[in-house]
Amino acid sequence: QATLFLLSLSASLVSALYFHIGETEKKCFIEEIPDETMIIGNYRTQLYDKQKEEYLPATQGLGMFVEVKDPDEKVIMSRQYGSEGRFTFTSHTPGEHQICLHSNSSKFALFAGGMLRVHLDIQVGEHTNNYAEIAAKDKLTELQLRVRQLVEQVDQIQKEQNYQRYREERFRQTSESTNQRVLWWSIIQTLILVAIGFWQMRHLKSFFEAKKLV
Amino acid sequence: MEVLLVRLALVVARLLLVTAAFSQSLDSDFTFTLPAGRKECFYQSMKRDASLEIEYQVLDGAGLDVDFYLSSPSGHVVASDHRKSDGVHTVETEDGDYMFCFDNTFSTVSEKIVFFELILDNMDDGQSEPEDWKEFVHGTDMLDMKMEDLMDTINSVKARLGKSLQIQAVLRAFEARDRNLQESNYERVNMWSFTNMVVMVIVSGVQVYLLRSLFEDKRQTRT
């Protein structure tokens, strides 16, 4: 089991994207997902070593804070991990989830003026399934496993399409509401203009009459 | 003799199947916030003779545009865009780390949300084991010959479904951009209509007041 985990972790990060992060910097990624979808994120950090002039795996004390917010801006996960880690969460509402990473270093000298290199890989939905485990647990033949993979993929596509339908409906509601509001605001503004015009003329007329100019 | 030929065909088919499963195309997509006046860079390690395709879109933020450039490990800028809203670039790669950056320094106030998708092909040189689950598979299937055909079909369906998922991701990015645009439209309409009305009322009040004060001050100059 442990070897399986290590294999999958290192395999996914070998050709992963990386970026540099400063000590107090926070980097945020947005994942727009349907509900009941699992997300697994793997990251690996490296610190720049001035003497060897290259990036080496970070020291033990250096970790990363991972904070996940759901579409309603509520924090659903806020945990600290080591210099290498994996975080998992499952969405309960469809929408834009925000995953933010920042380092937990409090000693400003630790980075030695350099940056921390973070390798990151985020897997969504059916990509999170560990087929090795599934094959072992359910004792599947290769054909059965392949078909299971296909079923999971189609499931994911279907979930995504349902979510798309829900988003399109909300989008249409916003458009229609904007359209209505443009119409109403224009009508109200015209009425106000006309009313103010009348009021001005009447007020000025009575004012001039009082001053015996008219 | 015939049995030998069939056996040979089986072995060759198996080999082909195994190599087909190994040459994979990896892709990942990310959506991130790019603060105003900042530049964000990402790096991707590549091998020789692989291909890197990057597709990006700006989803939110006034103007919906961003600067983009992609540079090779030797420092050459192989692709660059100036204030574009979306773009696609494909490069044949050499060994090393490719860097691509999204530049929002031209904007002082608006934060952008950028979506990008990386599609890597031919990354594998046949040595890594992407599908290690094969070791955990139990038993054998009957009718080996027919099974090879089935496996071929299933593999191609899997590849196509993967492509469908990718296309869905792109469509989702388009829709997110349109939705953000609409929502900012809505807010704009509300704000400016309200401001308009307030300004109108104030201006009419000021007009009336000014006119009245014109006539009242004349009292001093009249002799």
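Predicted model: local features only at pLDDT ≥ 70, side-chain atom pairs only at ≥ 80, totals over all residues.
Which element gives the most to the lining of the largest cavity? Helix H2 of chain B does, with five residues.

Residues are numbered from 1 along each chain as its sequence is written, chains are lettered from A in the order in which they are written, and side-chain values use heavy atoms, with hydrogens and water left out.

Now look at the two chains together. The contact (heavy atoms within 4.5 Å) takes 64 residues from chain A and 62 residues from chain B. Between them the chains bury about 6100 Å², 64% of it on carbon and sulfur atoms. Buried area is the accessible area (1.4 Å probe) lost when two parts are put together, summed over both.

Six salt bridges are counted between chain A and chain B. Each is a side-chain nitrogen of Lys or Arg within 4 Å of a carboxyl oxygen of Asp or Glu. One pairs Arg170(A) with Glu183(B) at 3.7 Å, N to O. On the side of chain A that touches chain B, H3(A) gives the largest share, 35 residues. Helices (H or I, at least four residues) and strands (E, at least two) are DSSP runs, numbered from the N terminus. By class, this side has 33 nonpolar, 15 polar and 16 charged residues. Asp, Glu, Lys and Arg count as charged; Ala, Val, Leu, Ile, Met, Phe, Trp, Tyr, Cys and Pro as nonpolar; the others, Gly among them, as polar.

On a 1 Å grid over the protein atoms alone, a cavity is a set of points where a 1.4 Å probe fits but cannot get out; a pocket is an open set with protein on both sides within 12 Å along at least five of seven lines; lining residues have an atom within 4 Å of a point.

The largest cavity holds about 150 Å³ of space. Of its 14 lining residues, those closest to its centre include Glu32(A) and Phe115(B). Its lining has seven nonpolar, two polar and five charged residues.

The second largest pocket holds about 450 Å³. It is lined by 22 residues, and Arg170(A) and Glu183(B) are among those nearest its centre. Here, too, H2(B) supplies the largest share of the lining, five residues. The lining divides into five nonpolar, five polar and twelve charged residues.

Technical notes. Points joined across faces, edges and corners; volume = space filled by probe spheres on them.
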